[in-house]
Each structure stands twice: as C-alpha cells, then as structure tokens.
Amino acid sequence: MANDIKKIVLAYSGGLDTSIMLKWLQEHYQAEIVTFTADLGQGEELDPARKKAEMFGIKDIRIVDLREEFVRDFVFPMFRANALYEGQYLLGTSIARPVIARHLVEIARETGADAIAHGATGKGNDQVRFELTANALMPGLKVIAPWREWDLRSRTQLLSYAEQNQIPIAKDKRGEAPFSVDANLLHTSSEGMVLEDPAVPFPDYVAQRTTDPEKAPDQAEIITITFEKGDPVAINGEQLSPAALLTKLNELGGKHGVGRLDLVENRFVGMKSRGLYETPGGTILLAAHRGIESITLDRGEAHLKDELMPKYAELIYNGFWYSPEREMLQALIDKSQTYVSGDVQVKLYKGSANVISRSSPHSLYNMDLVTFEEGAVAYDHHDAEGFIRLNGLRLKTWAARNAKAGQ
C-alpha cells in the first residue's frame, strides 16, 4: 500500500522524467524522498540536479562521485573477460546499473527507507537490472517503478503534468526529442525516434563522443598501454587511476573516430531495439587487452575464456551482476589474469584501433620454437607425423564407414 511507504530513495538525474517522478512520488505516496544522483562520468553538470531537488523541498540530497568505483570495481573486472554481448556490444549501460542500484540500496539501508524508485520504463532492460540488484542485496526492500504505475503514457501527458506542477521544461523537450541519450564514463548510447527504423542510417548529428572517422586526423597515433594482472595502469608510461585512464582513452579514441557501433540488439524483455553506441576508450581497451593476453595466456586458458565469455556477457546484460554464477565466472576469469602484464602498442587511425606490438615479462611466445631458422630449442619435425596420424585415425574410420554404406 502507498500509505505504508514513509521514505523513498529515488535515482534522480535532474532531467524532466525523474523530476516528474519526484513530484509524482510526493503526491502519490506522500512519503519523504531522498534523491540520489550518481556521477558516473556522464559529462553533465550535476549542480542543476541539486537545485531542482531543493526546489521540490528535498532535504536529503545525495550527489556522489562514483567514477573511480565504477571503472575499478565494475568496468575493469568486466574487461578482464573481454565481454561482448551478441558479439559486439561493450555493455556500457548494462554495467552502470548495478553500481547505481547498489548505492540506492546502501542509502536506503543507511536512512531507514522503505523503498527505492527508478526511472526505467516497462519496455527496457534497466528495470530488470535495478530490481534484480535490489533483490540480491536487500531482499525485503520495495522497488517502485513509476512508469509501471502512473497513467502518464505519452510525452504530451508528461509535459502537461510538468506545466501543471511548475516543473521546469528544457526548450528542446517541448517538441519530440530526436533521440534519447544515456551516458557514462564507458560509453554513450543514443536510442529512439530518428534511430528507431533500422533500415535508415543514423544522422551524423546523433554521435556524441566520436569524430566521424572520415573526418578524423589523417595522421595515425600510436599509444602504449601498460597492463598489470589484466588491468590497464598506464598510458605512454604515465600511471593513471582507473577513471583517469578511461577518460584519456576516450579522448584519444574519440578524436580518431574509434568505437562507433550501430546495433540492433535483443533485449532481455523480448523485443529488438536499435541504438548507436559510442565506446571509444573501451574499444581501444578491448583490443589492447586481447593483445596482451595473446602472449601471456596458454591456449587452453584463452579458449576456455572465449567459450565462457558469451555467458558472462549475457549475465551482465540481463542484470545478474550480483549472482552466484557471475561471481563464479569472475573468480575463474580473475585467476586467468595472474600473468597478464606488459605493454601493448595500439595504432589509432580513422575509426580503427589495431594492436601493432605486445611485450611481457611473462610471455609464452618462444622465438626459438616458432622461428623459420634453426632454433636453439630442439624441435623434431618428425613428431608431427605421429600427432597427425593419431588425430586422423577417427577420420579414417569415419570415412571408411561412409564408403561402406555407399555415402
């Protein structure tokens, strides 16, 4: 019952939708509201969110800088797995939701709130991610999803409600917005409106974070990324914190048009959606991490990781960051990173990020074994004869059976 709820922690961006939600929660639940705004490096000024919350009479306003935690505890562990959803998507929105939800739950616990509230719609994946995280971290906590409760179904109705309640409306919100944007330090995603028809190429103005590759610099740029136990720690010899390092990679990749992805994906809730994702730093990081793994992982380790990666990525996409199976996979992935240390050179040029060199004190690459010249390590070419004979035995048996059967 609404009147059983005395205090609600709202995930609050300060935008039109969550401002409407703030007013609606006050009216509908008549509860005390705590606002929580997460700074995940979305690149927006967050002080307006505080001012708007104050306008609504909110006394407990939380604006928390989570950039380092987000990259260190969520993005980097995910990149140790080389995670790609459906082979392409670097999970920029998906991985941001568990960190936001975790802090919602922590604030609810700290303030004695009865519920948390989020602004995810009933059509998307984010509602699942927020609520599964709450289930895992604080099972008895109520989750309020206004989009599934209120009768405001259209942009016109939202604007009308805002005007009736004197909620400031940005001028560009009065008409139909050309697309919606979600951003954090890992990526920018643009969806909706002008992007809804997958048969129509996205307009140039949609891109938020990357230069058009055709207009990128004509001169390539080579950078060196240093890894320690699977995580990047320096660029061109300069030690950087996780958030500072990803910020630098975003700047470099964005300048060279790296990391654009026009994707039609399968949402967890059952529909397909189309969006433009820009992940410049993450695209460079994925290439570099695979580069250092190529010389430091044994074949069995590398291939097993690649087999498990789609399952790991799907767990994150579907909202199961806080689940026993994701933690089991993470333990295996992290174990594989023990010797994943060294330097990788990446060439950035007109939308591409290509590894051009890799070195490590723990390299498994043996020049004496692979050289076309006579190596120092004894390798008897005749050993290959028995190896091939044993591997071919079952094929001979199979072929003989088929010949006998007239196939």
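**Exercise 1.** Determine how the axes of helix 7 and helix 8 cross, and which residues make the contact.

Solution. In this predicted model, local features need pLDDT of at least 70, side-chain atom pairs count only at pLDDT 80 or more, and totals for chains, interfaces and linings use all residues. Residues are numbered from 1 along each chain as its sequence is written, and side-chain values use heavy atoms, with hydrogens and water left out.

Step 1. Helix 7 (residues 242-255) and helix 8 (residues 280-296) have axes that come within 7 Å and cross at roughly 100°. Helices are DSSP runs (H or I, at least four residues); axes are lines fitted to C-alpha atoms over the stretch in contact, with angles from 0 to 180 degrees between N-to-C directions.

Step 2. Helix 7 is therefore roughly perpendicular to helix 8 (65 to 115 degrees).

Step 3. Helix 7 contributes L246, L249, N250, G253 and G254, and helix 8 contributes P280, G281, G282, I284 and L285; contact means heavy atoms within 4.5 Å.

**Exercise 2.** State whether V75 is buried or exposed, and list its contacts beyond four places in sequence.

Solution. Step 1. V75 belongs to helix 3 (residues 67-80).

Step 1. V75 counts as buried because its relative accessibility is 0% (buried: under 20% relative accessible area, 1.4 Å probe, protein chains only).

Step 2. Apart from neighbours within four places in sequence, V75 is in contact with F70, I95, L186 and L246.

**Exercise 3.** Find the distance between the centres of domain 1 and domain 2.

Solution. Step 1. Domain 1 spans 7-66 + 91-173 and domain 2 spans 180-296 + 339-359, with bounds from an automatic or database domain assignment.

Step 1. Taken over C-alpha atoms, the two centres are separated by 29 Å.

Methods: Helices (H or I, at least four residues) and strands (E, at least two) are DSSP runs, numbered from the N terminus. Buried means under 20% relative accessible area, exposed over 50%, partly exposed in between (1.4 Å probe, protein chains only). Angles under 35 degrees count as roughly parallel, over 145 as roughly antiparallel, 65 to 115 as roughly perpendicular and the rest as oblique.
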